[in-house]
Amino acid sequence: MTSKQETLVSTFAEVALTDEVRDTIGSDLRSFPNPVDDIDRSLAMLRVAFAKLPIDQLQTILDFGRHVDTPGVALVRNLPVDPELPETPIDGEPSKDKKTFVAETVLLGLSQLLGEPVGFTTEKSGRLVHDVVPVSAGARSQTNQSSHVFLNFHNDIVHDEVGRYDVSNPDFLVLNCVRQDGNKEAVTYYADGRDISAALAPEVLDVLRRPLFRLNAPGSYVRDVAKGADVLSDLVAVISGPAESPEVAISANGVVGETVEAEQALEELQRVCREVAHQVKLEPGTALLINNRKGLHARSQFFARHNGRDRWLQRTYIRRSLWTIRYRGTAEDRRVH
């Protein structure tokens, strides 16, 4: 993973398990049933399993989730993988043919070190584990179903009737690679808000810090609920917070600037993101921890065949606390909002 800009504060971390640690944790995970069947029990058991990480690596991941000045993205290497895999789902739904749940337990084991896995009713039907795969109908969309387009720099937001999509959204994402794309060309990018702010011209940064922008609701909400119509948020600033620890909010499905100057600033933001971004090609045994507030992520286009051998990631949404989104809670499942 590389960055075109050096900063005083590191915005990228890397953790590589030894083969011995990988195999020790993996032997525990291979016997797990589907962890979402009893999620709270599973998370408790996964806390025990991942306590077998060396203390320095365990602290690196814990610190990633709890401190302001830590990197915004971390790559974890040499993780356990499933001994065999079924075909990649072609519809974005969970595979019905998966015999073991190593990928799911790796995903949730890392997630519970950062906070509380959470589901949203408008994203993947409220599931806690998201299967992120190319779907032919969404190949050119600005959603996680796409493959034939560059998925613009964004963070994952959540439609909220309060009018703000950047409040109840996830604090973190974890992406675990189950299968790499056949041509090994898909690149995941992360642009940290600290690097972005340092690279922007002061006058552009000033515009992005004003409430001149409306975020469009996530593509899944627009597609499934709004029947294709844009659903715009209240006016917000794209960059907010202290200069040394800014927060960035951009929706993949589009942002509308209220002025010509605001629209130009959005274009410059996307350009600067490409300039400063870290980049990585995810492969089986690697996971990416993403702070969804400190920066923006993106994905290159890649070739998808929709034949059961395509790229397959699994994703979780994580909140540091479920308390602050309790107004969104559902009666059916206390982790789904």
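**Exercise 1.** Determine whether Cys177 and Cys273 are buried or exposed, and state how many disulfides the structure holds.

*Solution.* Cys177 has a relative accessible area of 3% and is buried, where buried means under 20% relative accessible area, exposed over 50% and partly exposed in between, with a 1.4 Å probe and protein chains only. Cys273, at 0%, is buried as well. Taking a disulfide as a pair of cysteine sulfur atoms within 2.5 Å, the structure holds 0.

The model is predicted: local features need pLDDT of at least 70, side-chain atom pairs count only at pLDDT 80 or more, and totals for chains, interfaces and linings use all residues. Residues are numbered from 1 along each chain as its sequence is written, and side-chain values use heavy atoms, leaving out hydrogens and water.

**Exercise 2.** Describe how helices α2 and α4 are arranged and which residues meet.

*Solution.* Helices here are DSSP runs (H or I, at least four residues; strands are E, at least two), numbered from the N terminus. First, locate α2 at residues 39–50 and α4 at residues 102–114. Next, consider their axes, which are lines fitted to C-alpha atoms over the stretch in contact, with angles from 0 to 180 degrees between N-to-C directions. These axes come within 9 Å and cross at roughly 80°. The two helices are therefore roughly perpendicular, a term for angles of 65 to 115 degrees. Finally, list the contacts (heavy atoms within 4.5 Å): Ile39, Leu43, Leu46, Arg47 and Phe50 of α2 meet Thr105, Val106, Leu108, Gly109, Leu110 and Gln112 of α4.

**Exercise 3.** Identify which residues Ile196 touches.

*Solution.* Leaving aside residues up to four places away in sequence, Ile196 touches Ala191, Leu269, Val272, Cys273, Val276 and Leu296.

Technical notes:
Angles under 35 degrees count as roughly parallel, over 145 as roughly antiparallel, 65 to 115 as roughly perpendicular and the rest as oblique.
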